[in-house]
Amino acid sequence: MTDARSAWVLAAVLGVGLSGASAKAGEYDVCVEVLQDFWIPPVMGTERTCLGFPECLGVNLVDPLAPAGICCMPAICMSYPTCTVAKNIIVAAGYVAHANEVHCFQTTPEDLWQLWLDGLVSLGGDALSGGLLDATMQLAEADIEHLSLAGTSLPIHVRNILKEMVASIYDNGVTGFEYRSLDDVKLLRESYNPSTDAWLNGGHPAITLGHLIVLEDALVDELLNTDRNVMSLDDLRRGGGSAAFMQALNTLLHEMVHVKQYERLGMRTFLKDYVIDVALSGGYGFDKFEQEAIGYEARVFGVLGSRFCESVKGHVNGSIATYNVPAIPLTCTHLTTKTVWNLSGAVGAETQYSVLLPSDAQNLKIVMTGSGDADLYLRKAGPPSQAIYDARPFLGNSNETIALTGATPGLYYLMVRGWQAYSGVTLTLSYDAANFGAGASLSGLSGVTGDTKLYWVDVSGGIAVKFQLAGGSGDADLYVRAEQPPTPNQWDYRPYLGSNNETVTTSVDASGSKRWYAMVRSYRDYAGLIFATTTSACTPVCSGTTCGPDGCGGSCGSCSGNQSCIAGHCVCIPNCRNQSCGPDGCGGSCGSCSGRCCGGQCVSGKVCP
């Protein structure tokens with residue numbers, strides 16, 4: 001049963017050369033499901049028996065010093081080594097183990113692992129337990145560790161595209177996966193060696209083994225091919241990338257969820273509960289591991305737009321049905337822009353859409369305008385129908401509005417239905433930035449290059465707001481502006497430092513309330529960011545001053561006449577401009593005349609002209 005293929009794999013697993021020897025562990029009783037017919041050889045044993053000739057003649061030919069005739073005494077013979085000889089006997093006869101049957105026999109972990117690598121038995125179900133489970137899992141972990149050394153890291157452009165794909169629904173790995181895991185993952189081809197071929201069985205395109213993902217060769221070629229003009233999600237939106245590349249991204253997205261599951265469970269539990277009991281045993285039907293991964297696929301591609309969605313729609317919807325996934329099938333009608341123009345339809349025609357309210361938004365509003373009579377329906381839990389909806393204006397024309405005050409972030413579903421024929425219809429979506437609230441904080445924020453998140457805080461007169469970014473990795477920038485959302489080109493405050501640690505403290509306006517907007521923009525990919533706000537009432541400071549600002553938007557007093565406020569004190573500044581005589585406005589004189597001073601000028605005579 002040990003051919004060149006199996007010998008190579010076993011050597012790799014055990015870490016020995018092909019000419020080396022490895023002591024086998026003890027044998028275990030095991031019952032396994034047979035996948036292909038194979039021959040189980042006879043089990044050989046030994047028997048210790050006394051021979052009646054020639055020892056019984058009184059001479060011990062093996063040990064002349066032994067008492068004569070001792071081998072003729074059975075009780076003594078069985079305890080005296082020179083009187084015994086080892087003879088092979090068959091303990092169990094050889095037989096054929098037939099496919100689709102369960103066979104029970106004794107085996108070592110190494111031999112059982114070899115049978116599995118050769119595709120002859122299944123290790124799922126209750127085949128492994130106790131010491132046999134521990135020993136076999138050690139072999140599996142050793143194999144994975146060996147294979148990981150040959151793996152290739154994800155190209156940077158693939159990491160960035162995956163981050164951009166999930167950015168709108170990213171929640172730091174609560175669902176899906178964490179960005180940081182993309183840096184740890186390695187890819188390996190199915191054809192790398194016989195072991196990878198054995199791991200990737202059953203016709204599936206990929207399998208996750210911890211941070212190692214084994215994929216079909218064609219998928220690895222697509223992911224590692226850098227000779228293409230597809231380096232970002234925008235490149236894909238502009239039509240770049242083949243259908244094969246999109247499928248490879250979808251497969252990788254699916255497997256990244258399994259990577260998160262491994263990180264959550266640890267290698268031993270993940271190997272037994274998922275890889276062996278599910279992936280290698282055909283138990284996908286109602287499996288929670290697969291349901292989580294397929295459900296995440298549906299969410300991601302459901303909000304990416306028609307081109308992305310259409311490329312995987314058949315596969316994802318088929319998986320939803322086959323594996324009983326509690327997810328809404330893809331319709332590929334997600335709106336990625338805030339305005340959709342020139343819609344038309346006949347009587348009874350129904351068109352479904354979905355729209356994502358971002359995590360930094362609230363108060364969703366949908367406005368429909370146009371000719372004819374189209375009706376607008378909205379529902380949060382899933383696609384609406386004539387009978388099931390959360391909102392429906394149901395007016396006698398195509399001019400309808402749905403406004404959801406306090407709408408929570410997430411996916412919303414719309415339907416436009418023709419009560420009468422309609423044409424030239426426009427859908428416009430809008431929402432408000434999220435009210436962050438004074439004294440609030442968020443942790444674990446992340447984003448890819450160019451991402452923005454917008455928040456606002458309302459304060460009353462005399463209150464300053466402190467916005468602060470801190471912690472994590474990467475480089476996020478803070479933009480703050482009064483009364484209007486900031487942009488990369490329009491802002492009141494922008495520290496613009498080379499890290500995540502940035503702080504802005506706003507000015508104070510004593511005249512009334514003010515809304516301060518804060519935008520967090522990713523200069524480079526960032527993760528683990530903390531965003532916090534604090535407010536403080538302003539205490540006027542006028543001690544030792546008689547005029548000027550009090551530091552809180554108010555005043556410590558004003559100056560009269562020719563006085564000006566200098567360093568908190570009213571100081572009179574003499575004014576003799578265009579004057580040669582007369583008072584200087586501060587109790588002094590601009591000069592004297594030998595005659596008369598008239599209008600600040602000296603004139604001759606006694607009377608001013």
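# Strands, helices and loops

Biologist: How many bridges join S8 to strand S9 (residues 186-189)?
Modeller: This is a predicted model, in which local features need pLDDT of at least 70, side-chain atom pairs count only at pLDDT 80 or more, and totals for chains, interfaces and linings use all residues. Residues are numbered from 1 along each chain as its sequence is written, and side-chain values use heavy atoms, with hydrogens and water left out. Helices (H or I, at least four residues) and strands (E, at least two) are DSSP runs, numbered from the N terminus. S8 and S9 run antiparallel, and the number of bridges that join them is 2.

Biologist: Which residue in S9 is the bridge partner of Thr152?
Modeller: Two strands pair if DSSP finds at least two bridges between them, and S8 and S9 have 2. The partner of Thr152 in S9 is Leu187.

Biologist: Which strands are the edge strands of the sheet?
Modeller: The sheet is open and has 4 strands in the order S8-S9-S11-S10, with mixed pairing. An edge strand here pairs on one side only, and this holds for S8 and strand S10 (206-209).

Biologist: What angle does the direction of helix H4 (residues 130-148) make with that of S11?
Modeller: H4 packs on this sheet and touches S9, S10 and strand S11 (212-215), where contact means heavy atoms within 4.5 Å. Axes are lines fitted to C-alpha atoms, for helices over the stretch in contact, and angles run from 0 to 180 degrees between N-to-C directions. Read in this way, the direction of H4 makes with that of S11 an angle of about 80 degrees.

Biologist: How many of the 11 residues of H5 are buried?
Modeller: Buried means under 20% relative accessible area, exposed over 50%, and partly exposed in between (1.4 Å probe, protein chains only). The buried residues of H5 include Ile161 and Leu162, and they pack against several elements, among them strand S8 (152-153), H9 and strand S22 (514-537). H5 is mostly covered, with a count of buried residues of 8.

Biologist: At roughly what angle do the axes of helix H5 (residues 156-166) and helix H9 (residues 243-265) cross?
Modeller: Two packed helices are described by the angle between their axes and the distance between the axes. The axes of H5 and H9 come within 11 Å and cross at roughly 75 degrees. That makes H5 roughly perpendicular to H9, since angles under 35 degrees count as roughly parallel, over 145 as roughly antiparallel, 65 to 115 as roughly perpendicular and the rest as oblique.

Biologist: How many residues of the contact of H5 with H9 are nonpolar?
Modeller: Val158, Ile161, Leu162, Met165 and Val166 in H5 meet Phe245, Leu249, Leu252, Leu253 and Met256 in H9. Ala, Val, Leu, Ile, Met, Phe, Trp, Tyr, Cys and Pro count as nonpolar, Asp, Glu, Lys and Arg as charged, and the others, Gly among them, as polar. The contact has no polar and no charged residues, and the nonpolar ones number 10.

Biologist: What separates the C-alpha atoms of Asn172 and Ser443?
Modeller: Asn172 lies in the loop between H5 and S9, and with a relative accessible area of 32% it is partly exposed. Leaving aside neighbours within four places in sequence, Asn172 is in contact with Glu178, Ser443, Gly444, Leu445 and Ser446. Asn172 and Ser443 are 271 residues apart along the chain, and their C-alpha atoms are separated by 9.9 Å.

Biologist: Is Ala567 buried or exposed?
Modeller: Ala567 is found in the loop between strand S23 (563-566) and strand S24 (569-572), and its phi is near 55 degrees, a positive value in a residue other than glycine. With a relative accessible area of 74%, Ala567 is exposed.

Biologist: What share of the 609 residues in the chain do buried residues make up?
Modeller: The chain as a whole has 12 helices and 26 strands. Of the 609 residues in this chain, the buried share is 42%.
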